[in-house]
Amino acid sequence: MLTYMLDPSRKTPLYEQLYTAIRDDIVSGVLRSREKLPSKRKLAAHLRVSPVTIETAYGQLVAEGYLESAPKRGYFVQTLSSVQPPRGNAPQSAPVPPAAPVDDCRYDFRTNVVDTDCFPFSIWAKLLRGVLTERSHELLRAPDPQGAPVLREEIRRYLYQYRGIEVDIDQIIVGAGSEYLVGLLIQLLGRDKVYALENPGYPKLYRSFEASGATVLPLPLDRHGLREDRLRDAAPDIVYLTPSHHFPLGVVMPAARRLALLRWAEEDAHRYLIEDDYDSEFRYSSRPIPALKGLDRADRVIYLNTFAKSLAPSLRIGYVVLPRPLAQQFRERLGFYSSTVPSFEQYTLAEFLRTGAFERHISRSRNLYKARRDALLDAFAHSPLAPVVHLSGADAGLHLLARVENGMDEHTLIARAHDAGVRVYGLSSHYLSAFAPCPAATILLGYAGVPTEDIEGAVAQLTQAWYNKT
């Protein structure tokens, strides 16, 4: 039986520790070609970790070609000649040069940034001064556990006007970002529940659920998102989904699929859908997609959003809209928690929303990001890569998917781009298990943090890295 020392106190997640240990044993020859690995349940029991931890580690190893999954037979080590070298430590017989410094790439297509130059600093500073003058006494008092009523009222108004959601401010809870709010929801809904997550999805979200002690069930998607029959087969209690614009695949869930999921949730009083509406403001070729919560007549949808994409990730302000019964339970069971967002920021954001500055900022940001998206599409269309790079997900959001058909695998594409001074990111890192095979050689290109004038140069470098003249 495989035995590895996994340390829960480390920042590195358990599944990543296990993945690294098994990968290194495969590359070094400790685990031989075609050797069968223990079943997920047996290894989980032996290492005293969740089966989901084993499943996620195995899934990543399958996605990267270190393991092969044989239906009803188990997991087997791939032959060494077919395995890509690890990105970390290599065997002693094949030393690699030291890792490049973090800032060695001129261009970085990260997906978790926004353009900081776009932030309305002067307006925000003016509102800050106004809040300091007009609400000086209120700033020194402990805020309402659910958030300042004035901010919740502005959020309520915004949701009604722009997302078609009609709620009361008593249903809204303001908190310090999505991680905190997810943890709060798990406490409210129960750690004994089974939570279904979209696969692929946010690895950080998966870690948040796992760290909170919840049972997580990754479910695969089709071209329309989550399927109702998958939910019936898997039988989760809670489903976390991004119906308006899935990350990272960019899928927009059609109305029929949304209504089917709502019907599923309505069949059991313990079922809820958590709708993450993370980037609904950025849609370029049509009006914003209506929120699932706007179709919710039975009060089964929990709506979650933050200002990370629309303003800045560092602002750390998000909010959740609870169904009325859950809002009452929150006040009775968890109302003792103090608000995690300082009053200063809450009142300033409330003014930012009330004065229309937020809508104007979103309009400017949308135009800026649309210009960057257009520049990226145009640069690829006019490059030698045009026949082999297939872009998708351009209608919304702040990133594109690039499927590259030049004979290189995902890791080679990333490494070659890095050598050319461009940092790109693979789709495989967003898959949570082996049950949904990752499309081959697919790269995420986040363009929000790349200046428009740099995009042509970045694509030129990618052309140098990926174009195979033969």
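Helices are DSSP runs of at least four residues, numbered from the N terminus. The legends below describe a predicted model.

View 1. Ser 9 lies in the segment before helix H1 (14-28). Its relative accessibility is 63%, so Ser 9 counts as exposed.

**View 2. Helix H3 and its surroundings.** Helix H3 covers residues 51-63, 13 residues in total. From first C-alpha to last, H3 reaches 18 Å, close to the 18 Å expected at 1.5 Å a residue. H3 is mostly covered, with 10 of its 13 residues buried. Val 52, Thr 53, Ile 54, Glu 55 and Thr 56 are among the buried residues. Ala 57, Tyr 58, Gly 59, Gln 60 and Leu 61 are also buried. What do the buried residues of H3 pack against? Their helical partners include H1, helix H2 (40-47) and H8. Their strand partners include S1, S2 and strand S6 (215-220).

**View 3. The S1-S2 hairpin.** Strand S1 (residues 67-70) and strand S2 (residues 74-77) run antiparallel, joined by 4 bridges. Glu 68 has Phe 76 of S2 as its bridge partner. The two strands form a hairpin with 3 residues between them. Lys 72 sits in the turn and has a positive phi of about 65°. Both S1 and S2 are packed against by buried residues of H3.

**View 4. The crossing of H7 and H8.** Helix H7 (residues 177-189) and helix H8 (residues 203-211) have axes that come within 10 Å. They cross at roughly 40°, and the crossing is right-handed. H7 contributes Glu 179, Val 182 and Ile 186 to the contact. H8 contributes Lys 204, Leu 205, Ser 208 and Phe 209. By type, the contact residues are 4 nonpolar, 1 polar and 2 charged.

**View 5. The seven-stranded sheet.** This open sheet has 7 strands in the order S4-S10-S9-S8-S7-S5-S6, and its pairing is mixed. Which strands stand at the edges? They are strand S4 (172-175) and S6. Each has a single partner strand, so one side of each is left without a neighbour in the sheet. Neighbouring strands are turned by 20° against each other on average, direction ignored.

**View 6. S8 beside S9, with H7 on the sheet.** Strand S8 (residues 272-276) and strand S9 (residues 301-306) pair in the parallel sense over 4 bridges. Asp 276 stands opposite Leu 304 in S9. H7 packs on this sheet. Among the strands it touches are S4, strand S5 (194-199) and strand S7 (238-241). H7 also touches S8, S9 and strand S10 (318-321). The direction of H7 makes about 160° with that of S9.

View 7. Strand S12 (residues 399-404) pairs with strand S15 (residues 442-446) in the antiparallel sense over 5 bridges. Within this pair, Arg 403 stands opposite Thr 442 in S15.

Definitions and conventions. Residues numbered from 1 in each chain as written. Predicted model: local features only at pLDDT ≥ 70, side-chain atom pairs only at ≥ 80, totals over all residues. Heavy atoms only, no water. Buried < 20%, exposed > 50% of the residue type's maximum accessible area, 1.4 Å probe, protein only. Axes fitted to C-alpha atoms, helices over the stretch in contact; angles between N-to-C directions. Left-handed = near helix turned anticlockwise from the far one by under 90°. Contact = heavy atoms within 4.5 Å. Nonpolar A, V, L, I, M, F, W, Y, C, P; charged D, E, K, R; others polar. Pairing = 2+ DSSP bridges. Expected span 1.5 Å × (residues − 1).
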